[in-house]
Amino acid sequence: MVIVLGVESTAHTFGIGIVSDEPRILADSRFNYVPARGGIHPREAADSFIKNAPSVLREALSQAGLSIDSIDVVAVALGPGLGPCLRVGATIARALSIYYSKPLTPVNHAVAHIEIGRMLTDARDPLVVYISGGNTVITAKQGGRYRVFGETLDIALGNFMDALVRELGLAPPYVVGGIHAIDRCSEGGRYVELPYVVKGQDTSYSGLLTAALRAYRSGVRVEDICFSAREVAYSSLVEVAERGLAQLGKTEILLVGGVAASRYLVEKFKALAEYRGVELYVVPPRYAVDNGVMIAWTGMLMFKYGVTIEPENAVVKQRWRLDAVDIYW
Ligand code: FE2
C-alpha cells in the first residue's frame, strides 16, 4: 500500500490530505482564511497559513492514526495560485521531504480539481467544466493532456459572482449554509437585459459585471440584477460547454471546482445533459472547494507514473497552466 500526504495552499485554504492507493481518504484537515472585508489579501492569507499549518498537519496525522514515518510520498500543489500562499505550502512540503527523506511529487491544482472529481464519481472520460473563484475552463483529456476547449477571456465565474455581491453590499460572507449570496438575492428577481457574451468557445464576465453594477446605480432592483446577471453568466457557460460536447463527442460531463456546489448551476447542466442524452456528474460539495485530499490523490497518480521532483527544484508556478501538464493515466 502507498500512502500520500498532500499539501494545498494555492489561495484561501491551507489543507493537508492523506490518501492510500485503495483508494481511501485517510485524513482531510483544513484551515480557511477569511478576510475581514473585501477580497483575499495574499500576504495576510499566507501569514495565517504559517500560523495554522502545524496544527493542520498534526490534525491530519491524528485523523489518519499515522505517524509521519508511515507516509510514503509528499505531494504539493505548486500552482497555479497566489505566490505568497503557494510558497507556504511549498516550503512545508520541501521541509517534510528533506527532513524525513520522502519523495516529493509536484501537483497542478487544476488537474487535482479534475482528478478528485473523477475519483469520487463514476465519470471516466468526461468533458470537464472547471469553475471556481480563479478558473473557468472547459477541458477534456486528449493526447496525454487536459486540453482547453473554452475558457473565460477575463475574470473567472466565481470571481464574477463574488465581486458582484460584494459591490452590491450583500457579502462577505459569500456562501452561507452552502448557498451563495447571488442565489439568495436572485429569489423573486425578474429578468432585465444584460450583455450576453460568448466569443468563439470562450466566455467573458467583466463586461457583464460592469453592466450589472451600472444597472444597479441607475435604480434597477437588486434582486433583478442578481437574477439576470446569474442567468446570463450561467447560460453562457452552458453554451460553451455544449459546444465542447458537440465538438468532442463526449458522453459525460463532470462539474468540478467551488462553483460546482451551486445548485442552480447544477440544474442548468442537468437540463443540458438531458437534452443531449449524456451523463452529468458533479463533484461532492465538500471536495468542490480547495482541499488537501485532491492534492494527495493526484500526487498518488503522478507518483505511480514516476513523477517526482528534487526539493531544490520544487519552486512555485503561479501561472502553471492545466494544459502544460503531462497526464499519464
Ligand atoms: Fe481551487
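A: A disulfide is a covalent bond between the sulfur atoms of two cysteines. The model examined here is predicted.

A search of the whole structure finds 1 disulfide. Cys 185 and Cys 226 are its partners, with an S to S distance of 2.4 Å. The torsion about the S-S bond of Cys 185 and Cys 226 is about 90°, so this disulfide is right-handed. Cys 185 belongs to helix H5 (residues 181-186) and Cys 226 to helix H7, so the bond ties together parts that lie 41 residues apart in sequence. Cys 185 and Cys 226 are both buried. Another cysteine, Cys 85, is also buried, its relative accessible area being 0%.

Helix H7, which holds Cys 226, spans residues 222-248 and packs with helix H4 (residues 157-167). Two packed helices are described by the angle between their axes and the distance between the axes. For H4 and H7, the angle is about 175° and the axes are 11 Å apart. Angles over 145 degrees count as roughly antiparallel, and H4 and H7 are therefore roughly antiparallel to each other. On the H4 side, the contact is made by Leu 157, Phe 160, Met 161 and Leu 164. On the H7 side, Ile 225, Ala 229, Ala 233, Tyr 234 and Leu 237 take part. The residues of this contact of H4 with H7 comprise 9 nonpolar, no polar and no charged.

Key
Residues are numbered from 1 along each chain as its sequence is written. This is a predicted model: local features need pLDDT of at least 70, side-chain atom pairs count only at pLDDT 80 or more; totals for chains, interfaces and linings use all residues. Side-chain values use heavy atoms; hydrogens and water are left out. Axes are lines fitted to C-alpha atoms, for helices over the stretch in contact, and angles run from 0 to 180 degrees between N-to-C directions. Helices (H or I, at least four residues) and strands (E, at least two) are DSSP runs, numbered from the N terminus. Angles under 35 degrees count as roughly parallel, over 145 as roughly antiparallel, 65 to 115 as roughly perpendicular and the rest as oblique. Contact means heavy atoms within 4.5 Å. Ala, Val, Leu, Ile, Met, Phe, Trp, Tyr, Cys and Pro count as nonpolar, Asp, Glu, Lys and Arg as charged, and the others, Gly among them, as polar. A disulfide is a pair of cysteine sulfur atoms within 2.5 Å. Buried means under 20% relative accessible area, exposed over 50%, partly exposed in between (1.4 Å probe, protein chains only).
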